[in-house]
Amino acid sequence: MTRGFDIVVLGGGVAGCVLASRLSEDPGRTVCLVEAGPDYGPDHRAWPQGLRDAHALPRDDIWERGAEVHRIRARVLGGSSCVNGCWHTWGSAHDHQEWESAGGPAWSAAAMAPYRQKAVEQMRLRAVPDREFSDWARAALAGARELGYRDVDMGAPGGPGCGTPLINALDGLRWNAAFAYLEQARGRANLTILGGATADRLSMRDGRITGAEVVVDGRRETLRADTYLVACGAFGSPALLLRSGIGPADQLRAVGIRPEVDLPGVGTNLTDQPGVFVPLTPTDHLNAALSAKERAGELYVSRMLIRAAGPHCPEGSWDLHILPSAGDPLFGSLPEGQYEAGISAFLMKPASRGTVRLRSADPDTPLDIDPAFLSDPEGRDLATLRHGLEIVERLAATTALKALASGLPSRDLTDDELRARLGTYWHPVGTCAMGHPDDPSAVVDGAGRVRGVDNLRVADASVLPTVPAANTQLSVLALAELLADTVKEAR
Ligand SMILES: Cc1cc2nc3c(=O)[nH]c(=O)nc-3n(C[C@H](O)[C@H](O)[C@H](O)COP(=O)(O)OP(=O)(O)OC[C@H]3O[C@@H](n4cnc5c(N)ncnc54)[C@H](O)[C@@H]3O)c2cc1C
């Protein structure tokens, strides 16, 4: 079966929802949005409770159940915005300089500010309401100020400091990108949404994509379009390109795929933000306060953070998030009335780079994902993380926090112990990175156009050449808004 559209968007996650919504605003343009996971429909009350509930991170609608933590990614319309922490923070001026040098002036802080604002409004982002602060979060803010951190706006550039993120939780409802961007768009006759449809590969002739091969309920379909936009996320987008023969030629041959375009950068440069959680022992008073909060339906594990600078951080910027949390453990559970409290240190600008590779040409075979945490030869990441753990220790020792929990120290951990305790902030980017035409590792240009292919673009987290010193969702929303405009302008 074959169907035709002006634009096919492959991947219905955060970026895919933005692209489908913005590009279907013009009734003269037909758009098809293809998502491997289910589309639970327009009525948010009909969605599974776990995806709706912003108090916890659900684990049902994901690609690989039981896989290592760093591989978790959503498989549902709305993408990882349906399973994530609902936090929105913005990166530093330094991040924008990196992006601008790779993608041009459209990626400067000033040029992206209006797109950031569009995303803030569409996602209904708001400040954390006072009632959602637990005693722990409140004490952590006081502790951060005790250490000398000034209050900063986490939704804007600036310097180190403490504050609260913007959130897209509306009275406990996780307001995901599918609700935010498709609520109105679903009614448009020119927008088709295909849920449960996995993009297998793109067919190519004479440097142009001629069709997207999609599997829907076990049936194969070809979707034809003038323009193909890939938005399968930092793991899924390089995988789709690789299955289509676009990537490092030797690697493709090794898994039996005929190379169409030799692009060595596809699947390299994987950048994610690792971190270590330092557990503390909550006092009875804190457990009782958290329990009361839970009974009131207002217990959120974390509601504040510190932006801090490590030894290698550029002047005026930050490269650490220090994140106090208290509540139910992310993994596992504790007896009723008992909670986990602690403080994490996350590396926001790691120097280490990992890879995403195919194990086979079959889209259902799990990918070979290696985040290569703390692997940079100079050991900068390890040094920065250790610096973060020192801040964690000082924060835990502040008057405000030591009244609520005891424990530590963590600085005595050996390097191996530290590595064994690494977790992730779940912010992978960079696997189809944008860059200069003379950069051999660049996969796309500043408009998301894939090198060597006429009518193919990538437009999601994977195009960012470096990770922002922030949680990534707001940046991805903004870049998808920006890239939607570049597609409109091209036609
Ligand atoms: C557990 C978790 C917690 C997080 N917490 C936060 C947070 O609190 N704040 C924050 O800012 N960021 C957070 N993030 C990161 C944020 O969700 C991502 O930055 C964002 O979702 C990236 O958007 P994307 O469009 O690139 O990818 P995604 O949103 O992951 O979307 C990719 C979509 O493509 C689909 N897809 C993949 N392959 C195919 C295929 N072959 N065919 C069809 N469809 C396909 C997937 O099913 C998915 O729906 C979190 C992420 C995770 C996983």
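## Basis of the model

Residues are numbered from 1 along each chain as its sequence is written. In this predicted model, local features need pLDDT of at least 70 and side-chain atom pairs count only at pLDDT 80 or more, while totals for chains, interfaces and linings use all residues; side-chain values use heavy atoms, with hydrogens and water left out.

## Two domains

The protein chain is divided into domain 1 (2-92 + 175-269 + 428-490) and domain 2 (129-164 + 273-355 + 366-424), with bounds from an automatic or database domain assignment. Their centres, taken over C-alpha atoms, are 30 Å apart.

## The interface

In domain 1, 27 residues are in contact with 32 residues of domain 2, where contact means heavy atoms within 4.5 Å. The two domains bury about 2,400 Å² between them, 62% of it on carbon and sulfur atoms. This buried area is the accessible area (1.4 Å probe) that two parts lose on being put together, summed over both.

## The ligand

Of the 34 residues around the ligand, E35, W87, A199, T472 and Q473 come nearest; a residue is near if one of its heavy atoms lies within 4 Å. A backbone N or O atom of V14 lies 3.2 Å from a ligand oxygen atom, and a polar backbone atom of C86 is 3.4 Å from an oxygen atom of the ligand. For H427, a polar side-chain atom lies 3.4 Å from a ligand nitrogen atom.

Methods:
Polar contact = N/O pair within 3.5 Å; in protein donor to acceptor, adjacent residues only side chain to side chain.
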